[in-house]
Amino acid sequence: MSPVETSTERDRADSDYLNEIPDEKEMSIFDHLEELRWRIFYSLIAVGVGIIGCFIFVRPIVEILQVPAQGVKFLQLAPGEYFFVSIKVAGYSGLLIASPFIVYQILLFILPGLTRKERRLLVPVMVGSTLLFGVGLVFAYYALVPAALKFFINYGEDVVDQMWSIDLYFRFVLLLLFSTALAFQIPIIQVLLGLLGIVSSNVMIAGWRYVVLGSVVLGAILTPSTDPLTQSLLAGAVLSLYFGGIGVVKLLGR
């Protein structure tokens with residue numbers, strides 16, 4: 001047998017090994033539904049515990065989220081408004097804290113159906129996704145939210161007194177924080193599409209015009225404010241993430 005044939009057989013064997021599903025076992029549709037039910041149940045418990053814990057310590061969280069408002073006075077325009085705002089803040093914060101456990105439950109559910117090759121992608125993808133989600137929150141808190149609020153404060157500074165509804169303020173801030181964090185998942189989606197052979201880096205580059213248009217639309221949709229500065233900042237971040245994702249996919253040889 002020639003060295004070339006030996007190398008080809010070795011490559012084929014390695015490919016077959018990576019494409020195998022280890023510990024594969026037959027499960028009926030009812031078994032899958034039962035397992036899914038328990039994964040959802042565990043996730044809901046984690047979210048509930050996170051919300052209760054954040055509600056106990058909601059005041060420091062509220063004070064942190066008020067910092068970008070630059071000393072603006074908040075008003076409670078209806079009975080119980082601050083109470084419901086506290087619940088809303090605790091809900092978002094609890095969901096954020098419980099998200100790693102929710103992702104873990106999702107992985108446990110899909111893991112039995114993944115090949116060895118696909119399982120190797122899980123850890124880097126999850127670590128990258130978590131880091132980008134955190135970076136998105138930080139970017140929104142330190143860049144987008146202050147820029148939007150500064151625009152609105154300066155625009156009406158000589159005309160109106162700055163007294164805001166606490167409910168509307170937190171609706172604005174929480175939506176902007178989480179929508180930005182989700183937008184920062186774009187490179188992860190690109191890497192997955194590239195590694196799975198669905199879309200190549202060349203195809204991603206070829207569609208740059210549509211991405212520019214889409215980033216502008218996405219910036220307008222995801223930002224709860226209507227000021228052009230916030231929308232431009234988010235659109236620029238989306239574009240940077242997209243082209244950065246192309247670079248990563250190219251480095252992976254896809």
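How much of the chain is helix over residues 40-62, and how far apart are the end C-alpha atoms? Over this stretch the chain is 96% helix and 0% strand, with 29 Å between the end C-alpha atoms. The model is predicted, so to speak of local features a pLDDT of at least 70 is needed, side-chain atom pairs count only at pLDDT 80 or more, and totals for chains, interfaces and linings use all residues. Residues are numbered from 1 along each chain as its sequence is written, and side-chain values use heavy atoms, leaving out hydrogens and water.

An unreviewed UniProt entry lists residues 40-62 and 121-149 among its "transmembrane region" positions; such annotations may be inferred rather than shown by experiment. Residues 121-149 are 97% helix and 0% strand, and their end C-alpha atoms lie 40 Å apart.

Turning to the aromatic residues, the structure holds 15 aromatic pairs (rings of Phe, Tyr and Trp, the last by its six-membered ring, with centres within 6.5 Å; planes under 30 degrees apart are stacked, over 60 edge-to-face, the rest tilted). In one of them, the rings of Y141 and Y142 have centres 4.9 Å apart and planes at 85 degrees, so this pair is edge-to-face. Y169 and F170 also form an edge-to-face pair, at 5.2 Å centre to centre and 85 degrees between the planes.

Y141 is buried at 15% relative accessibility, whereas Y142 is exposed at 64% (buried is under 20% relative accessible area, exposed over 50%, partly exposed in between, with a 1.4 Å probe and protein chains only). Y169 and F170 are both buried.

Definitions and conventions: Helices (H or I, at least four residues) and strands (E, at least two) are DSSP runs, numbered from the N terminus.
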